[in-house]
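Here is a friendly walk through one protein model, from its sheet to its aromatic rings. Have the viewer open and follow along.

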Amino acid sequence: MTPPSPRRHVRRLVGGLATLFAGAFPAAAQPVDPGAALSVNVMSFNIRFGDERDGANHWDRRKFMVFNVIRDQAPDAVGLQESLPFQVDQILANVPNYAALDWTPGRGGLGFSTVLYRTDRFSVGESGTLWLADNPDVP
């Protein structure tokens, strides 16, 4: 099986962010003044999948840097690339006030694209996966 192109991963991430913002803003982030601008800080972060054969780049050597960057930047939403479930679990356990939206791999599944969002700013009314492909309903 041929792995998905990097552009497909970017499309999935953009689709996930668009879904988060389209669904979350009307319900959770309306400005008090309808004429006021809404400011949203978004970050993209390739955390590299956690492979036990990574040697000097092993997740155990990188995870605290990942936690600190997210805490220090405090984005409203973070698009993670190459995130595996155990990595997302560790991030959520170490960086307060975030929750995650994940996509389930099905077109090669080389890593997850996860959107983290601040729970003090947003709530999710509904979520799902949209495949940007010729057959979007087929993983």
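## Ground rules

A nonpolar core here is a set of buried Ala, Val, Leu, Ile, Met, Phe, Trp, Tyr and Cys residues joined through side-chain atoms within 4.5 Å. Buried means under 20% relative accessible area, exposed means over 50%, and partly exposed lies in between (1.4 Å probe, protein chains only).

This is a predicted model, in which local features need pLDDT of at least 70 and side-chain atom pairs count only at pLDDT 80 or more, while totals for chains, interfaces and linings use all residues. Residues are numbered from 1 along each chain as its sequence is written, and side-chain values use heavy atoms, with hydrogens and water left out.

## The overall layout

The protein has 3 helices and 4 strands; these are DSSP runs, with helices being H or I of at least four residues and strands E of at least two, numbered from the N terminus. Reading from the N terminus, the elements follow the pattern α-β-α-β-α-β-β.

Of the 139 residues, 34% count as buried. Contact means heavy atoms within 4.5 Å. Among contacts between residues at least 6 apart in sequence, 67% join residues at least 24 apart.

## A four-stranded sheet

The 4 strands make an open sheet in the order β1-β2-β4-β3, with mixed pairing; two strands pair if DSSP finds at least two bridges between them. At the edges are β1 (42–46) and β3, each pairing on one side only. From one strand to the next, the twist averages 20°. Axes are lines fitted to C-alpha atoms, for helices over the stretch in contact, and angles run from 0 to 180 degrees between N-to-C directions.

β1 and β2 run parallel and are joined by 5 bridges, with valine 42 opposite alanine 77 in β2. Strand β2 (residues 77–83) is also linked to β4 by 5 bridges, this time antiparallel; here alanine 77 has tyrosine 117 of β4 as its bridge partner. On β4's pairing with strand β3 (residues 98–102), there are again 5 bridges and an antiparallel arrangement, and tyrosine 98 is partnered with arginine 118.

## Strand β4, inside and out

How many residues of strand β4 (residues 112–118) are buried? The count is 7 of 7. In a regular strand the side chains alternate between the two faces of the sheet. In β4, Phe112, Thr114, Leu116 and Arg118 point one way, Ser113, Val115 and Tyr117 point the other way, and all are buried.

## Helices on the sheet

Helix α2 (residues 59–73) lies across β1, β2, β3 and β4, running at about 170° to β1. Helix α3 (residues 85–94) packs on the sheet as well, touching β2, β3 and β4, and its direction makes about 145° with that of β2.

In soluble globular proteins, nonpolar side chains tend to be buried together. The largest nonpolar core in this model has 14 residues, and those with the most contacts inside it are Phe45, Ile70, Val78, Leu80, Ile91 and Leu116. β1, α2, β2 and α3 are the elements that give two or more residues to this core, and α2 supplies the largest share, 4 residues. A second, separate core has 5 residues, including Ala99, Leu101, Val115 and Phe122.

Beyond its neighbours within four places in sequence, phenylalanine 45 contacts Met65, Val66, Val69, Ile70, Val78, Gly79, Leu80 and Gln81. Phenylalanine 45 and valine 78 are 33 residues apart in sequence, yet 7.0 Å apart in space, C-alpha to C-alpha.

## Aromatic rings

A search of the whole structure finds 2 aromatic pairs. Rings of Phe, Tyr and Trp (its six-membered ring) pair if their centres lie within 6.5 Å; planes under 30 degrees apart count as stacked, over 60 as edge-to-face and the rest as tilted. The rings of tryptophan 59 and phenylalanine 67 have centres 6.4 Å apart and planes at 80°, so this pair is edge-to-face. The rings of phenylalanine 64 and phenylalanine 67 are also edge-to-face, because their centres are 5.7 Å apart and their planes at 85°.

Trp59, Phe64 and Phe67 form one aromatic cluster. Phenylalanine 64 and phenylalanine 67 both lie in helix α2, 3 residues apart, about one turn of the helix. Phenylalanine 67 is buried, with a relative accessible area of 2%, whereas phenylalanine 64 is partly exposed at 49%.
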